[in-house]
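Here's a quick walk through one protein model, written for someone who would rather look at contacts than at tables. Keep the viewer open and follow along.

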Amino acid sequence: MDFKVKGYSKYTLTLQDDSVIKSSKENDGRLVLSASKQKNFKSNFFKTPMVFDTTNLSFKMEYINGESFSQFFTRATKRDLDNLINKIDGYLTERIVGEMDLPIQILIDKIISIPEGKKLLPLLSNKKSVKIKVGLSHGDMTLSNMIFAEDIYLIDFLDSYIESPTMDIVKLRQDTHLYWSLNMVDNVVDLTKIKLGLNYIDEWIINKYNIENYELFQVINLLRIYPYTTSDKIKTYLDTNINKLCELL
């Protein structure tokens, strides 16, 4: 079954009787948390497929017939892009309830847990805390985790080492700034138009939801991808963008 966008994770998606089954080869607590987060999601701006039949190995969800992000951006008008912006804005407004200073040790602990990340520790030596938004998050809010139908549906919810809308903004900019999800699309029809649309949304994010220490959060975000890929192409993408971001830290 072609789900339009490839992924880089240990999970498998299969279509069965108009439902999608997301499964793991072994008992997986994160899969259960993902199913729970998706099942309990409520928003006035995005929908999510209904979830049922959850086990430690898999869960089943409603199949939504829609476009991938690349299909959407290929045909999108300015009105379509503004509609997506309005939905993102409304979603973030629902979730952000304040700000707080996060102890830098939380980021240090996360970096230490990633073999490729230890070289970044000296960059944190002069920081005691970083500011983050307070509120619930999707956990992996890339554009490849959106289905563009009559409504826009969010899928692939994740737990995160920081539960904060800040992480959703960083994940969105993984696409609008760094074009991450284009790595998961074959046969792009109009790359120039897609990037123009991504740039348009990125400019809005910067103006409305600029994140203090964005480069640091994004570097950690990219580092977390290394264990899930054996692709030389993806490793080159990660190396290139991490080095660029580190130059700004």
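What follows covers a sheet, some helix packing and an aromatic pair. Bear in mind that this is a predicted model. On the strand side there's an open sheet of 4 strands with antiparallel pairing. On the helix side, H5 packs against H6 and also against H7, while H3 meets H6 as well.

**The sheet**

- Reading across the open sheet, the strands come in the order E1-E2-E4-E3.
- Strand E1 (12–16) and strand E3 (51–52) are the edges, each pairing on one side only.
- E1 and E2 pair in the antiparallel sense, with 5 bridges between them. If you want a spot to look at, find Thr12, whose bridge partner in E2 is Ser23.
- E1 and E2 make a hairpin with 2 residues between the strands. Asp17 sits in that turn and has a positive phi of about 55 degrees.

**H5 against H6**

- Helix H5 (residues 165–176) and helix H6 (residues 191–209) have axes that come within 9 Å and cross at roughly 150 degrees.
- Angles over 145 degrees count as roughly antiparallel, so H5 and H6 are roughly antiparallel to each other.
- The crossing of H5 past H6 is left-handed.
- From H5, the contact uses Ile169, Leu172, Arg173, Asp175 and Thr176. Facing them from H6 are Leu198, Asn199, Ile201, Asp202, Ile205, Ile206 and Tyr209.
- Sorted by class, the contact of H5 with H6 has 7 nonpolar, 2 polar and 3 charged residues.

**H5 against H7**

- H5 also packs with helix H7 (residues 214–223), at an angle of about 75 degrees and with the axes 10 Å apart. That makes H5 roughly perpendicular to H7.
- On the H5 side you'll find Thr166, Met167, Val170, Lys171, Arg173 and Gln174. The H7 side brings in Tyr214, Phe217, Gln218, Asn221 and Leu222.
- The contact of H5 with H7 splits into 5 nonpolar, 4 polar and 2 charged residues.

**H3 against H6**

- Helix H3 (residues 78–95) and H6 have axes that come within 11 Å and cross at roughly 35 degrees.
- H3 passes H6 in a right-handed crossing.
- H3 contributes Lys78, Leu81, Asp82, Leu84, Ile85, Ile88, Asp89, Leu92 and Thr93 to the contact. H6 answers with Gly197, Tyr200, Ile201, Trp204, Lys208 and Tyr209.
- In class terms, the contact of H3 with H6 has 9 nonpolar, 2 polar and 4 charged residues.

**Aromatic pairs**

- The count of aromatic pairs comes to 8.
- One of them is Phe41 with Phe157, a tilted pair at 5.1 Å centre to centre with 55 degrees between the planes.
- Phe41 lies in the loop between H1 and E3, and Phe157 in the loop between strand E8 (152–154) and H5, so this pair ties together parts that are 116 residues apart in sequence.

Key: Residues are numbered from 1 along each chain as its sequence is written. This is a predicted model: local features need pLDDT of at least 70, side-chain atom pairs count only at pLDDT 80 or more; totals for chains, interfaces and linings use all residues. Side-chain values use heavy atoms; hydrogens and water are left out. Axes are lines fitted to C-alpha atoms, for helices over the stretch in contact, and angles run from 0 to 180 degrees between N-to-C directions. Angles under 35 degrees count as roughly parallel, over 145 as roughly antiparallel, 65 to 115 as roughly perpendicular and the rest as oblique. A crossing is left-handed if the near helix is turned anticlockwise from the far one by less than a right angle, and right-handed if clockwise. Contact means heavy atoms within 4.5 Å. Ala, Val, Leu, Ile, Met, Phe, Trp, Tyr, Cys and Pro count as nonpolar, Asp, Glu, Lys and Arg as charged, and the others, Gly among them, as polar. Two strands pair if DSSP finds at least two bridges between them. Rings of Phe, Tyr and Trp (its six-membered ring) pair if their centres lie within 6.5 Å; planes under 30 degrees apart count as stacked, over 60 as edge-to-face and the rest as tilted.
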